[in-house]
Amino acid sequence: MKILSIDGGGFRGVYAAHILYRIEQEFLISWQADFALIAGTSTGSIIAAGLACGLSAKKICEFYEEHGKQIFKKRLLCRLGLAASRYNNRYLREILLEVFDGRTLGEVETPLLIPATDIGNGGVHVLKSKYDAGFYRDPNILVADAVLASCSAPTYFDPYRIDKYMLADGGLWANNPSLIATVEVKKRLGANLDELQVFSLGTGLGHKYYRQSSSLSTRLVGWGFATRWGRGKFIDMIMNLQAETAKNILGLLLEEHQILRINFESDGKLSLDNPGMFDDWISKADKAFTHKSAQIADFLNISKCGEA
């Protein structure tokens, strides 16, 4: 049984989307038929939900290119330096409603898993399509709303309310959802761990978020949330740490040949909200696919387009 897992990472989701697009171009693949479950967190939830609802990865890449600048358009209060999230989620919700055309999670036939964070109750919150008869909470929730909740990264977007729950980005605890997707397939779909294959797509891993300097000027600034910790920088680091933790634990649960993870690393900090990097992420994704295409085909047991 195959699992497709896509990390969070803001606009860097275009990296994962383009790799999936290249797979569509080169191989005979059906995201809905070939995978037992599709999981995505934050920006990964846009991609995962899109594929589960029958959209092509090509269409999803176009989504980032067409709407990225408007999604990440700084709101006035943030520009003035006042206490506010950087971006308004109104535009994102409008285009998600358009993309998913009013579809509910209960209408998604492909098993779909979207992590969010229940900040009102201080717990995790996982939104799911109805692939188990015992699921009764989520069937009437709009796919667009589930995705928006998972995308609501603290300091970037305001939390988003669904029914009785105030939700924020699932990346706070499951930025790499491959681990919880694996447990879910074992528990809900009755799979044995030794029959699973996890195809996991990252969106980049940044390093050196903080300097190790202990100079007087640095100490005077202090470790306030708005100073040395930084607003987005701290959230970005947490998501990186979670993604790496999930990868490492999954590696202890499964054998090496059962996991294929594609990601890239950067010596510096990676931005979540820079649409101007579109061509850079496309280039990195294309390079990754070129070097790993044979490995991908072998891992997923798929054939090149045009082959019998």
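The lining of the largest cavity comprises, by class, twelve nonpolar, four polar and one charged residues. Here Ala, Val, Leu, Ile, Met, Phe, Trp, Tyr, Cys and Pro count as nonpolar, Asp, Glu, Lys and Arg as charged, and the others, Gly among them, as polar. Good morning, colleagues; I begin with that cavity and then turn to other spaces.

The model is predicted, with local features requiring pLDDT of at least 70 and side-chain atom pairs counting only at pLDDT 80 or more, while totals for chains, interfaces and linings use all residues. Residues are numbered from 1 along each chain as its sequence is written, and side-chain values use heavy atoms, with hydrogens and water left out.

Rolling a probe the size of a water molecule over the atoms shows where empty space is left. On a 1 Å grid over the protein atoms alone, a cavity is a set of points where a 1.4 Å probe fits but cannot get out; a pocket is an open set with protein on both sides within 12 Å along at least five of seven lines; and lining residues have an atom within 4 Å of a point. Grid points are joined across faces, edges and corners, and a volume is the space filled by probe spheres set on the points.

How many cavities of 30 Å³ or more are there? The count is three.

The largest cavity holds about 200 Å³ of space. Of its 17 lining residues, Gly10, Phe11, Thr43, Phe72 and Phe157 lie nearest the centre. Helices, which are DSSP runs (H or I, at least four residues) numbered from the N terminus, contribute here: α4 gives the most, with four residues.

The second largest cavity has a volume of about 90 Å³. Its lining has 16 residues, and Gly8, Arg12, Asn175, Gly204 and Asn240 are the closest to its centre. Helix α11 (residues 231-253) gives the most to this lining, with five residues. By class, the lining divides into four nonpolar, seven polar and five charged residues.

Let us now consider the open spaces. The largest pocket has a volume of about 230 Å³. Among the 14 residues lining this pocket, Lys59, Phe63, His67, Ile95 and Val99 are the closest to its centre. Two or more residues each come from α3 (43-52), α4 (57-71) and α6, and the largest share, six residues, comes from α4. Eight residues of the lining are nonpolar, two polar and four charged.

Finally, Arg90 belongs to helix α6 (residues 90-100).
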